[in-house]
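Work through the exercises below with the sequence and the model open. Try each task before reading its solution.

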Amino acid sequence: MSIIELSGVTQRYETPGKASTTALADVNLSIEEGEFITLLGPSGCGKTTLMRAVGGLVTPTEGLVRVNDRQVNGPNLDCAIVFQSFALMPWATVLDNVTFGLEMRRVGKAERIEKALDAIRLVGLEGFEDKYPKQLSGGMQQRVGLARALVVPAPILLMDEPFGALDQQTRRYMQEELLRIWQADRRTVIFVTHDMEEALLLGDKVVLMSARPGRIEEVIDVKFARPRNPEEVERAPEFAEMKEYLWQRLRDMHEVHAA
Ligand code: ADP
Ligand code: MG
């Protein structure tokens, strides 16, 4: 049984006075427990929408999302989410932002703080526990977002372009950290990115989406050995081949879309 199952998922957004937008059209996707899925596609193709549907933050117009064999119809506590836009609480310190999800799950105070401090250390923010989001750079704020998701004992991690705002060096460091963390606890991950290299470095499968209305174009197996070392992966001839293939596919889609 798959841990995540989308069948016939269509999502339309209605904006008063405007034509409706079909963000997802008949999406069918099964994800196995412990899989690391990267979701790759052009901007506006519905990646965030798909992720929000799994997390129960939107209810599809048509079709069904099942997680752990239950239909999702409301915020899904099986999922921890790292949002594209950080979504930190500006009035709360780093520590309070990170403990928040545990508080919601009724974890006791001492344990909350211990777990949060671990997660803060893990993302390299030791010493910043008492700072407020606006005192941090964009990259650091996104690391708070990551810590806040990692600390939650949910079996599924949903990550929406989490490293998009980071400089290249920090991004690489975070990719390595994420691989290491994932290797240790093997959560099921859906990682949204529009970066082909990132999709190949991290994923067991790349789910390639087409431009709007978003559909699943292809699911590509990525067979680089685990545990993965990004530098080694990048040197493998298959990496260049797969990158070229993804590049072609995305370009073809763009041309179809632009025509
Ligand atoms: P992606 O994450 O791949 O960039 P999104 O899922 O954010 O794509 O958006 C897909 C499409 O749906 C876009 O055209 C976007 O403008 C539209 N859309 C997303 N959210 C909303 C919303 N809440 N209301 C109206 N349109 C939306
Ligand atoms: Mg998005």
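Predicted model: local features only at pLDDT ≥ 70, side-chain atom pairs only at ≥ 80, totals over all residues.

**Exercise 1. The faces of helix H3**

Task: Compare the span of helix H3 (residues 109-122) with the expected value, and determine how its buried residues are arranged around the axis.

Solution: 
- Step 1. H3 has 14 residues, and the distance from its first C-alpha to its last is 20 Å, close to the 20 Å expected at 1.5 Å a residue.
- Step 2. Arg112, Ala116, Ala119 and Ile120 are the buried residues of H3. Viewed down the axis of H3, they fall within an arc of 100°, so they line one face of the helix.
- Step 3. Ala110 and Glu114, on the other side of H3, are exposed.
- Step 4. The cover over the buried residues of H3 includes H2 and helix H4 (138-150).
- Step 5. Just after H3 comes Gly124, with a positive phi of about 80°.

**Exercise 2. The pair H2 and H4**

Task: Describe how the axes of H2 and H4 cross, and list residues that meet between them.

Solution: 
- Step 1. The two axes come within 7 Å, with a crossing angle of roughly 35°.
- Step 2. The crossing of H2 and H4 is right-handed.
- Step 3. From H2, Val94, Asn97 and Val98 take part; they meet Val144, Ala147 and Arg148 of H4.

**Exercise 3. The surroundings of Lys115**

Task: Leaving aside neighbours within four places in sequence, identify the residues in contact with Lys115.

Solution: 
- Step 1. Lys115 is part of helix H3, and its relative accessibility of 37% makes it partly exposed.
- Step 2. With those sequence neighbours left aside, Lys115 contacts Leu102 and Val151.
- Step 3. Lys115 and Val151 are 36 residues apart along the chain, yet their C-alpha atoms are separated by 6.3 Å.

**Exercise 4. Backbone geometry**

Task: Locate the cis peptide bond between Arg226 and Pro227, then examine the positive phi values of Arg106 and Glu161.

Solution: 
- Step 1. Most residues other than glycine have a negative phi, and most peptide bonds are trans, so exceptions deserve a note.
- Step 2. Arg226 and Pro227 are joined by a cis peptide bond with omega of about -10°. Pro227 is placed in the loop between strand E10 (216-221) and helix H7 (230-235).
- Step 3. Arg106 has a positive phi near 60° and is located in the loop between H2 and H3. Its relative accessibility is 76%, so Arg106 counts as exposed.
- Step 4. Glu161 also has a positive phi, near 40°. Glu161 is in the loop between strand E7 (156-160) and helix H5 (168-185); at 12% relative accessibility, it counts as buried.

Key. Residues numbered from 1 in each chain as written. Chains lettered and ligands numbered in written order. Heavy atoms only, no water. Helix = DSSP H or I, 4+ residues; strand = E, 2+ residues; numbered from the N terminus. Expected span 1.5 Å × (residues − 1). Buried < 20%, exposed > 50% of the residue type's maximum accessible area, 1.4 Å probe, protein only. Arc of directions from axis to C-beta. Contact = heavy atoms within 4.5 Å. Axes fitted to C-alpha atoms, helices over the stretch in contact; angles between N-to-C directions. Left-handed = near helix turned anticlockwise from the far one by under 90°.
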